[in-house]
Each structure stands twice: as structure tokens, then as C-alpha cells.
Amino acid sequence: MNDRGKSDSPIVPGKRSNEAAGPAPDAEETVEGRGLAKGNSLEQNTSRTQSRTKDVPSALERVREAAKRDKRARFSALMHHVTVDRLRGSYLGVKRRAAAGVDGVTWEEYGRDLDGNLERLHQRLRTGAYRAKPSRRVYIPKADGRQRPLGIAALEDKVVQGAVVEVMNAIYEEDFLGFSYGFRPGRNQHQALDALAVAIRRKKVSWVLDSDIRSFFDVIDRTWMRRFIEHRIADRRLQRLIQKWLNAGVMEDGKKTITEAGTPQGATVSPLLANIFLHYVFDLWANQWRRNARGEVIIVRYADDIVVGFQHRWEAERFRAELSERMGRFGLELHPEKTRLIEFGRFAADNRRDRGEGKPETFNFLGFTHICGKTRNGKFLLIRHTIKKRMRQTLDRIKEGLRRRMHDAVPEQGQWLRAVVGGYFAYHAVPMNIRALGELRTAVKRAWLQTLRRRSQKHRLTWRRYSGIVDRWLPRANITHPWPEQRFDARTQGRSPVQ
């Protein structure tokens, strides 16, 4: 590549990454190219005299070591790692009460003859007789009021996909860069939020590009996807298996539809495929772009949610233009209305005041609105509040749930509310967000009181009695997450290049 993003090739010369939220700096993050296919010598199982329990992890660990050692290695024998034991582990990891797919088979039904079912499934995988079933189409509401399509895979497809993802992760977890957080083992939303907060706090960030890829999961180019996978995976059986899932289609109202692009949303394998696609399209390119930048650049990506911070506006504008061109080459498009460049960071408020402008704009990321604030001493403080639209949606779902449970016993309603509100607090209880938590709890209290009083025209529920019910069942609003710097430094043990 002669300059930033000027080549259509997804391969970028690799160097050590200096991302704000990466692993220990001794972890090499070179870019994989395409080398000769590796034989089975690196991937054979251990002695058959050993138990399967000991056999499988050691064999997969050798794949991981080979992937780490040789970034150009292509693995030609991976399907034999999809063992009966690994399928069993994948089955146990499926949600027991998850909705059934098009075949109607539930977790409990499949488990009544688990050993036999898994043996037959494994045999079909070995002989190539396994056929992927279409996903059952369902819709869930989005924050903007539209409907998000999801595909519910058949149980056996979930089991096989879970096992295959575990095998593929052994390779790709050695390739993915540190600023990628979405749907990866040992990583979560709050680690991405911490990394972003620490980078904005410690780096010279004055401009933030909040990027949104239009309908990303629906428009992924499968030809490019196949090429990207072939950089690391030479196993034809695994390649064909992935193609079966991509081409399985969806079933809606009894009619099967075959899609020409995208990955099936809701499928276990889709997040990994999406990460692989963006690893080549965005991560490697953006990491190389950052190394050649004049000012400091920070990157945090969670699936297709991308935030990039810049020291200089002119570089931010150039990055945005080149990113749009880069995405277009691979069939993607930045959403023109949701992709914004705003002045944000430690110096934003002072710079805007000097120009006679108002407060810095805000941006949303992973459920929180990020705001430029100040401490009592006048120092910069990154404030994160729950997105108001998300909170209203949560409250609407709680009210709907209360209406359905109107005539349930109070303890049953209380247990349900404790689980829902407690789960909400567990995610949103970050520093400086106590007011939003309190507002939700107050709104839930009022909604529950109205529900209980509607159960009878002659209710005897006084406020004093109701307060006792609330104190027993509704969790209190408390901040449970530490400050981002504390958790980030503890996790990286002082080895982060942010410092």
C-alpha cells in the first residue's frame, strides 16, 4: 500500500499497535498475509490413549500457538476439532429458554437423547450430510422506532456454530487488534467504554468521529467475506460449512427467502464473521492510517459501532473522507445522518468559549451519551448519562410487562421487576449517572403502583404499605462501576500505551 487506503487490497503491512485499549504491548499485532497452506502436523490431536477431555483443549491450544507464531499460516485441518465433546459444550452454552427455530426443536427436547443426537450430528458433519436450516425471521423494535430483523437459528445450527466459533477464535483472537471489543472472548461493552474514556482523558483528543455503517449486517459482501476467511482458513470443509450458513436463507410466514448479501442476524457465528470482515476492511487500514498521522489518534470499535478521536480537525476530516471511500470499495456505506464529526475532549469547551461558541456537542456510544463536563476544580470530566431514548424504551417495556402480569401475585411481579431493573442497573450504574438510575426507579415505582391499584376498583393499597413492597423488591439506585481509569489500569496492569 503506497499511501493511506489507496489500494483495494485488504492487506496492510503490519506493525505493533499503539491503540488506547490494547493488550500488553509485547503482543505482536502483525498483519496476516496469505502463505502456504499448513499441513496437519500442527493440528493433530494428542495420543488417543488420553481422554477426550484432555485431548481437545491441548490440540486447540496448538492451533492457537501456531496462529500466534506465524501470522501467514493457513490452517487446512480444523473440522476434526469440532468433536462430540465440543458440540456438547456448545449445546450446554445455548440458552435453555431460547425460542425455537424453524424445526420447532427446543433445548429440553434435544437433550432427552443428547448423546445420540450429538453422535448423529457429528456423523453428518464428518460425511458432509449436514444441512443448515433457514433462520426463522422475527422483528424487535429499534431505538429510532423501526423494526430490526433477527433470525432465530435451529437448535442444531446453534450447536454447530458455537463449536466452530470456538475453533475459529483460537486463530482470530491472535489476529484481532486491541481496539476491537465487540463479541470477543473476555471482552465486553464496559471495557470498550473504559478504553474510550481513558483515551479521551489522557490523549490529546479534540475531535471525535462517531461512525455508523448503514445496515452493516445486511449488506456484508459475501465474496469479500470468503476471500478474507481464506487468508487464514484453508480447510475446505469449514469453508463450505460457513457458506451453508450464509446461504441458508430466512423463513417468514411460511415462505423461504434466500439472501444474496449479509450475515444472518441472531446467528451464533454472525458476530465473528462481522469481526473478521471489519478486521480487514477497517481495523488494519485504520491502524496503519493512525501510525502515519501527524497528531494523536485513538480508536475504539465495538462490532460496527466505531468511535475515532483526533488531535487535529484537518486530519479528522481527511480520515472521514478516506474512510468513506474505503468502505465503498467493500460494499459498505457510512450513514450520512448518523456519522458525525464533533469537537469534543479536554480542550473542546475552552476552545469553543474562545471562539464565542456554545458547549461542545455530545455523542452516543454503547447506551451512554458522552458529555464534556468539569469537576469542581475546573478540570475536564467525561460525563456519561444513559441515553434518554433508551431509558424511555426500557420503561415502556416494563409497563407493558406489568400489564401482562397485572393479576399475578405481588411476589411474582416483584421478582420479575427485581430481575429487570437489577439487570438495567448492573449495566448503567456508572459514575455520574446516579440521577438517570433514580429517575428510572421512580418511574417504575409509579407504574407498578398504578398496576396494583387497577386490579380492583376498591383497592386498599396505601402509600405506606406500598413503600414496604417497593423496598422489598425494587433494587435501589447505586453506582456499582468504578471510575474508568481505575478499572482500565487494573485490567492492563499499567502496560497500556495510553499512559
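**Reading the model**

Tutor: Start with contacts of one residue. Leaving out residues up to four places away in sequence, Arg146 touches Ile140, Pro141 and Lys338. Keep in mind that this is a predicted model.

Student: Where is Arg146 found?

Tutor: Arg146 sits in the loop between β3 (135–141) and β4 (147–152).

Student: What about the protein overall?

Tutor: The protein has 17 helices and 13 strands. Of its 499 residues, 50% count as buried. Take the contacts between residues at least 6 apart in sequence: 72% of them join residues at least 24 apart. The accessible surface of the protein comes to about 24,500 Å², and 47% of that belongs to carbon and sulfur atoms.

Student: Now strands. How many bridges join β12 to β13, and in which sense do they run?

Tutor: Two strands pair if at least two bridges are found between them. Here 7 bridges join β12 to strand β13 (residues 380–386), and the two run antiparallel. The hairpin of β12 and β13 has 5 residues between the strands. In that turn, Gly378 has a positive phi of about 85°.

Student: Which strand pairs with β12 over 3 bridges?

Tutor: Strand β11 (residues 363–365), also in the antiparallel sense. Asn364 has Thr369 of β12 as its bridge partner. The hairpin of β11 and β12 has 2 residues between the strands, and Leu366 takes a positive phi near 55° there.

Student: On to rings. How many aromatic pairs does a search of the whole structure find?

Tutor: The search finds 20 aromatic pairs. Take Phe183 and Tyr302: their ring centres are 5.6 Å apart and their planes are at 50°, so the pair is tilted. Phe183 is in the loop between α5 (155–172) and α6 (189–202), while Tyr302 is in strand β8 (residues 297–302), so the pair ties together parts 119 residues apart in sequence. Tyr302 has 8% relative accessibility, so it counts as buried.

Student: Which residues form one aromatic cluster?

Tutor: Phe216, Phe217, Trp224, Phe228, Phe277, Tyr280 and Phe330. For Trp224, look also at the charged end of Arg227, which sits over the ring, 4.9 Å from its centre. Arg187 lies over the face of Tyr181, at 4.6 Å from the ring centre.

Student: Last, a helix. Which residues of α17 are buried?

Tutor: Helix α17 spans residues 484–492, and Pro484, Phe488 and Thr492 are buried in it. Look down the axis of α17: the buried residues fall within an arc of 40°, so they line one face of the helix.

Student: Which exposed residues does the face turned away from the buried side carry?

Tutor: Gln486 and Ala490. On the buried side of α17, the cover includes α6 and β13.

Student: What follows α17?

Tutor: Gln493 follows α17, and its phi is positive, near 55°.

Technical notes
Residues are numbered from 1 along each chain as its sequence is written. This is a predicted model: local features need pLDDT of at least 70, side-chain atom pairs count only at pLDDT 80 or more; totals for chains, interfaces and linings use all residues. Side-chain values use heavy atoms; hydrogens and water are left out. Helices (H or I, at least four residues) and strands (E, at least two) are DSSP runs, numbered from the N terminus. Rings of Phe, Tyr and Trp (its six-membered ring) pair if their centres lie within 6.5 Å; planes under 30 degrees apart count as stacked, over 60 as edge-to-face and the rest as tilted. Buried means under 20% relative accessible area, exposed over 50%, partly exposed in between (1.4 Å probe, protein chains only). A charge sits over a ring if NZ of Lys or CZ of Arg is within 6 Å of the ring centre and within 35 degrees of the ring normal. The arc is that of the directions from the helix axis to the C-beta atoms. Contact means heavy atoms within 4.5 Å. Accessible areas come from the Shrake-Rupley method with a 1.4 Å probe; for residues, only the protein chains shown count as cover.
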